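Here is a short briefing on one protein chain.

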Amino acid sequence: MAPAASLNPAPAHSRLFMSGNDAVARAVWEAGVRVAAAYPGTPATEMLEVLSTYPDLYTEWSVNEKVSLEVAFGAAMAGSRSFCAMKHVGMNVAADALMTLTLTGVVGGLVIAVADDVGLSSSQNEQDSRTWGRFAHIPVFEPADSQEAYDFALAAFELSERFQTPVLLRLTTRVCHVKALVTVGERHTRPAAGFAKESSRWVMVPGHAARRLPLMFEREQQLAIAAAESSLNYVEDGGDRRLGFIASGPACMHVRESFPDSPMFKLGFSYPAPIERLREFAASVDRVVVAEEVEPLLETELKAAGIAVIGKDILPRIGELAPNVLKPAIARLLGEPAPESSVAAPLPVFPRPPTMCVACPHLGVYYTLSQVKNITVSGDIGCYTLGAGHPWNALDACISMGASMGMALGLDKGRGEADADRRIVAVIGDSTFMHMGMQGLLDIVYNRGNVTVLLLDNRAVGMTGGQNNPGNGRGIHGEEAPRVDFEQLVKALGVREERVHVVNPYELPTLFKRLREETKIPEPSVIITNQPCVLVQDYQRKSPFMVEEDTCTGCGNCVDIGCPAIHVTRRDTVLKPNGKEVARSFVRIETAACTGCGLCLQPCAPKAIVPASVAGKVHVLQPH
Amino acid sequence: MSETTNILVVGIGGQGVMTATEILAEAAIALGHDVKKTEVAGMAQRGGVVSSHLRFGQRVLSPQITPGTADLLLAFEPAEGMRWRHMLRPSGQALMNVGRLTPPVVDLGLYDYPADPIAAVRAAGTRVVAFDATSIAVKLGEIRLGNTVMLGAISAYLPFSADVLEAAVLKRFAARKPALLELNRQAFAAGRAAAEQAAAHNTDSAREAAVPA
Ligand code: SF4
Ligand code: SF4
Ligand code: SF4
């Protein structure tokens, strides 16, 4: 699934239709970056994915965001321009490195692109990464669209080298995944300056760090001056002086769209904020509204500086500040009638949550978990989080990458009387395990936890599109790479040999038996499932199946597998001889989608599911 | 006042919604428009709701279409057309595939599939052109041609010539899958014809309805 390496980049001055992520990648390449690293995560993934298709720079998928930042930082110490990208929650992982590398600073420019999932399209929370700029005392750039993502990324490298500081390029989903036209430029290569030994700078022991602290604060003051002078911060004038806006990121576009006549202070270099220029701007209009996504960071700083601004008092603290959010809020503020109250209400339609793929190797795992009684399932982040949904309802908790391990141990150690007989199961994918799960398993072993771990090895980072990782033995360009042996790895972490099993998740009886056995044994055990994600190139399709209508009894067992190729055609209830009412669901298999994985055959007692070709009926592809 | 054209393309992950919007965008770019395109897609690979916003004109600022301002709604699945019809302006036009895709929550009996999504959208006061893009694609021998059929269907409703869109479709396939070029040409034409027929039928039935019984 890796994009091919060394495509010919479009020539300078081309005007290209690019997402914010594409645009950042192009700028990073043009800036002469020599090392770029990331762990995939929506909405940031494509930055590195696209960058890996450019020639003449080193790119890698790292095992987690902290490592990716450390790699980029190491390169910056060596004097190379370097880049690292992550989603917002990735910075929580990388923060340990960030909070001290801000003291050492960098030699080669280091830009960290952090993509906030404002609007929660694919994340577990909605945190505001601009906070890290304040916390780590580093500058923050906030592009509003693709062209700015490109321009600001280039400017960020210049600033980084000028002040020897890492720069945070703060993006949101609405920059990363919006496509717009971008004019690109030429690449400038930059030789690495070389690593200069200087322990007082690079070895952060307390004595050295104490001497770097004042330098960091001095740098921050200089950055405030740079922000005040920056061309990324400017006023777009407007005739309607009743209201002015201070806005950053995509909110600028929404403000411009909604209030074309209002003056707007557009902040591109948003931290440290150019307070005095903002004070002047505020004085030039009757009232000022700060439009920032999502926390009231700038608003609080402006209020603290004695500038009267309006912000989250009238705007939501959650989600995007799109025109349909801004317009009514501002109308209310100005005492005007609400605009476009005529917008029709949505028609009621069933929800359509995302599903696992047809024949996904996780289906059998969740089907099995849903059949085992008296277990608590501590879950993790990946496609398999969907196991919490229908029809399985077989995942009971999920918070952050790798947390399934620690939570499971806590559920075990903290169990109440009522849970005395409960078995604790943790479910984690291969990539998540390598990201942050391994340490948790070591903790379970060391502290003698009674947890059964299901390690779902699907040989890919499935959820973000099947990126390569150490689990599938392929590097970022699809080239061969050392492959981790999970069996050996968990044994090395101390799980006893007898407690480690590798199981084919399409063999339901084996999976069920193993799970039953292992949950009964009061010590850590690991069941590794070993079949690939159906979307990776290793996946082998087999001949599809169909349902023989006359044989199907409507028992509905196959529906509980949760394969999206199985559809219910008819539902009814019958009275059994014993007087019990039984609900029946008759099914069909969408043969064109079925990959022949064989899962749904297994709970079908009357053997109504048969090979589509052998059934002797002409199969016609049906419109659904 | 609206010099910006707003097109909302909706469907389900895996149907080719984003590719179709991308091709529409390429056509608008070819004509020299400023263009922005944005999506909200669910977290998994497929099966979830996908809506793709395309805006083009002289200068496009916000990438998002504000509810109640879409000019065209291109729905790859009828219930999805129903889900998003409130995004259309009152005089907007919906183009809807009738080929249904039932999600697991409906198969499990937790929710009902609407009895007649096309009728529901019409009843809400929206002009609808409905056609069976799925069957057309299947008849051409490849269900994935569905998105070219959909593009053919919308081609008569754009503020530019259908030829520009067809050229964008063919350019894409010429570059990626030349073997499918001719099939895509047919799919585009079939989609266009199907939408024309459906529109003509609408006018006929409107006329019939106007005749007192
Ligand atoms: S992408 Fe792979 S792991 Fe994820 S649901 Fe699909 S088959 Fe399963
Ligand atoms: S064999 Fe059954 S479970 Fe497997 S892909 Fe086909 S329909 Fe789905
Ligand atoms: S498990 Fe077999 S008998 Fe039961 S509904 Fe499915 S196909 Fe019919």
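Chain A holds 18 helices and 22 strands. Helices (H or I, at least four residues) and strands (E, at least two) are DSSP runs, numbered from the N terminus. This is a predicted model, in which local features need pLDDT of at least 70, side-chain atom pairs count only at pLDDT 80 or more, and totals for chains, interfaces and linings use all residues. Residues are numbered from 1 along each chain as its sequence is written, chains are lettered from A and ligands numbered from 1 in the order in which they are written, and side-chain values use heavy atoms, leaving out hydrogens and water.

**Overall build**

- Along the principal axes, the C-alpha atoms of chain A fill a box of roughly 85 × 65 × 60 Å.
- Of the 624 residues, 58% count as buried. Buried means under 20% relative accessible area, exposed over 50%, and partly exposed in between (1.4 Å probe, protein chains only).
- Take the contacts in chain A between residues at least 6 apart in sequence: 75% join residues at least 24 apart. A contact means heavy atoms within 4.5 Å.

**The annotated cysteines**

- UniProt, in an unreviewed entry, places a "binding site" at A:Cys563, A:Cys594, A:Cys597 and A:Cys600. They are spread over 38 residues of sequence but cluster in space, with a largest C-alpha distance of 10.5 Å. UniProt positions are given in the numbering used here, feature names are shortened, and annotations may be inferred rather than shown by experiment.
- A:Cys563 sits in the loop between β19 (545–547) and β20 (566–575). Its relative accessibility is 13%, so A:Cys563 counts as buried.
- A:Cys597 sits in the loop between β21 (581–589) and β22 (609–611). A:Cys597 is buried too, because its relative accessibility is 17%.
- Leaving out residues up to four places away in sequence, A:Cys563 touches A:Val358, A:Ala359 and A:Leu363. On the same terms, A:Cys597 touches A:Ala359, A:Tyr506 and A:Tyr539.

**A covered helix**

- Helix α14 (residues 362–371) is mostly covered, with 8 of its 10 residues buried.
- The buried residues of α14 include A:Leu363 and A:Tyr366.
- These buried residues pack against several elements, among them β15 (423–429), β16 (451–456) and α18 (508–520).
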